[in-house]
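Dear colleague,

I am passing on the structure we discussed, and I would be grateful if you could look it over with the notes below beside you.

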Amino acid sequence: MFLKNETNNKKSKEPSQGQLNDKTPFKFLPKFKPCKRAQSSNGKDDYIYYCTLDETTNKYVRHKIMLNRYKKGRERDMMAAQLSAQVFNMFFKAEAADALSLRRSATVAKVIGLYSRYIASMAEKGHMKWKTKVDYFSRISILSEYIEDRRLSELEIGRVDTSFFVDFLDYVFLDRVNSSTTRNNYRTWCSAFCSWLVERNYLDSNPIAGIRALPEKKKFREPLSTADIRKLSEHLRITDKRFLLACMFEYYEMIRPIELVQIRIRDISMSDLTLFVPSSVSKNNRDGLIALNENVARLLVELEVFDYPDSFFLFGKDMQPSNMMARSDIFRKKFEELRHVLCFPMTYQFYSLKDSGIRDLSNACGVVTAKEQARHTDISTTNRYLVGKDGNVDDVTKHFNGFM
C-alpha cells in the first residue's frame, strides 16, 4: 500500500486536519479517526485517508493510501474496502492492547480498594451475608498489612502471580503463627479474590489454582458427654437460666451462633411448637422451619420472653431480649467462663452443644430426623418442594427428651 502523511492542504477536497480546541479535555479525544474515500482536486488521484492524533502537537495528522494502482471500478472499490478494514483492525487491536496494559498497570493497593468497595456494595444490597462481609474485610486487612510490610503498594496488579500469593500465605501461616486450617481458609478467600480479578481482566488466569491446601489436624472441638451435659444444665438452672436458654437452643434447635443472635421473638410459634429461620439469617440463604423442643418452650415461658415486643431479638448482649442485635461471640465468651468453673476440657466449646444435640437426636430418633432439624443439605426429595413456613416438622422432635 502507498502511504503518505500530509499537513494542511487548502486545495484538497477532503476536510482539513482537525486541531484540538483548548476547552476540549484531551483524554476524551480519540487517537484514531476511521478511513474515508476521497479524490484530489484535479481528479487524478483516488485514495482513502485516516487521521491519527499527534499527542506532541495536539493535532490530527492525515495519512493517505493511494488507490491509483488498482483498476477503476469494482477492483478499486473492493481494495478500498479491504484496506480500510485492515487499517481499522490494526488500530483497534493497538487501542485494545493499550487499554489492557493501562488496566493492568494499576497498583495492587488501588485494586484492593476497588475490591473493598465491591464487597461493601454487595453486602449493602443484600447479595452477601453480613458475616461474610466481615470475614472478607478481615482478610483484606491482613493482605493490606502484608503489602505494606513488604513495600509492595506500587506493584502493578498485572504482575501479581502464584509466587505473590504463596508468599502471602506463608506470611499468614508462619509470620502470624496461624494454623493450617486458617491458612487454608485464606487460600480459599484468595481464590475468590483472584476470580474477581480475572473477571475484570486484571489477570489472565487464577494463580491460586497452583497452590495446594495444607493437611489439617482433626477437629479440635468434640461433643459433650452425657454426664457433662447434665452437669452443665444443673449448674445453669441455679446460676444463669438466660444462658441455659441459649445452650438449649444450641443443643435442641441446632442453631449456629451467628444465626442465634439474629432470631427474633416473632420467629417462634408456641402454638405449633416451631421455630422459623428466615433466609436473611440462615447460612444457606433459604428459609427453614424446625421443631421447637418442649423443654425449650417451657423455659421460654418461665423466663417471660413473650412479654417483650415480638420484634426484639431473642438474645441481646446481656442474654435478654433486646431491640439491638448482639455479637455472636457473646456465647463463646460466656461458655469459656463456664468451662473454667466446671473444669471442662478445652475441646468443649459452645458450638459443641450442637454436635452433642445432633448425636443424641440421631440416637433417639434416627439420623434423618437429626439432619432435618440441623438443616443440613442432605434432605428428602419431598422437603425440597416445601418452601419456608409451608414445610413440615417431625412431631417426634417436639417430644424428644435429651439430657438438659
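Predicted model: local features only at pLDDT ≥ 70, side-chain atom pairs only at ≥ 80, totals over all residues.

The protein chain has 14 helices and seven strands, and of its 404 residues 41% count as buried. Among contacts between residues at least 6 apart in sequence, 64% join residues at least 24 apart.

In soluble globular proteins, nonpolar side chains tend to be buried together. Here the largest nonpolar core has 49 residues, and those with the most contacts inside it are L232, F243, F249, F331 and M404. Two or more residues of this core come from each of α6, α7, β6 (274-277), α9 (294-302), α10 and α11, with α7 giving the largest share, nine residues. Apart from this core lies another, of 33 residues, which has I112, I157, V172 and L197 among its members.

To give a sense of the surroundings of one of these residues, F249 touches M254, I255, L260, I268, L275, L292, V296, L300, L314 and F315, where residues up to four places away in sequence are not counted.

Finally, I looked at helix α10, which runs over residues 329-341 and has 13 residues; from its first C-alpha to its last it reaches 19 Å, close to the 18 Å expected at 1.5 Å a residue. Its buried residues are D329, I330, F331, F335, L338 and R339, and F331 is also one of the residues with the most contacts inside the largest nonpolar core. An α-helix has 3.6 residues a turn, so residues three or four places apart point the same way. What covers the buried residues of α10 includes α6 (226-239), α7 (241-253), α8 (257-260) and α11 (352-365). Just after α10, C343 takes a positive phi of about 60°.

With best wishes

How values were computed. Residues numbered from 1 in each chain as written. Heavy atoms only, no water. Helix = DSSP H or I, 4+ residues; strand = E, 2+ residues; numbered from the N terminus. Expected span 1.5 Å × (residues − 1). Buried < 20%, exposed > 50% of the residue type's maximum accessible area, 1.4 Å probe, protein only. Contact = heavy atoms within 4.5 Å. Core = buried A, V, L, I, M, F, W, Y, C linked by side-chain atoms within 4.5 Å.
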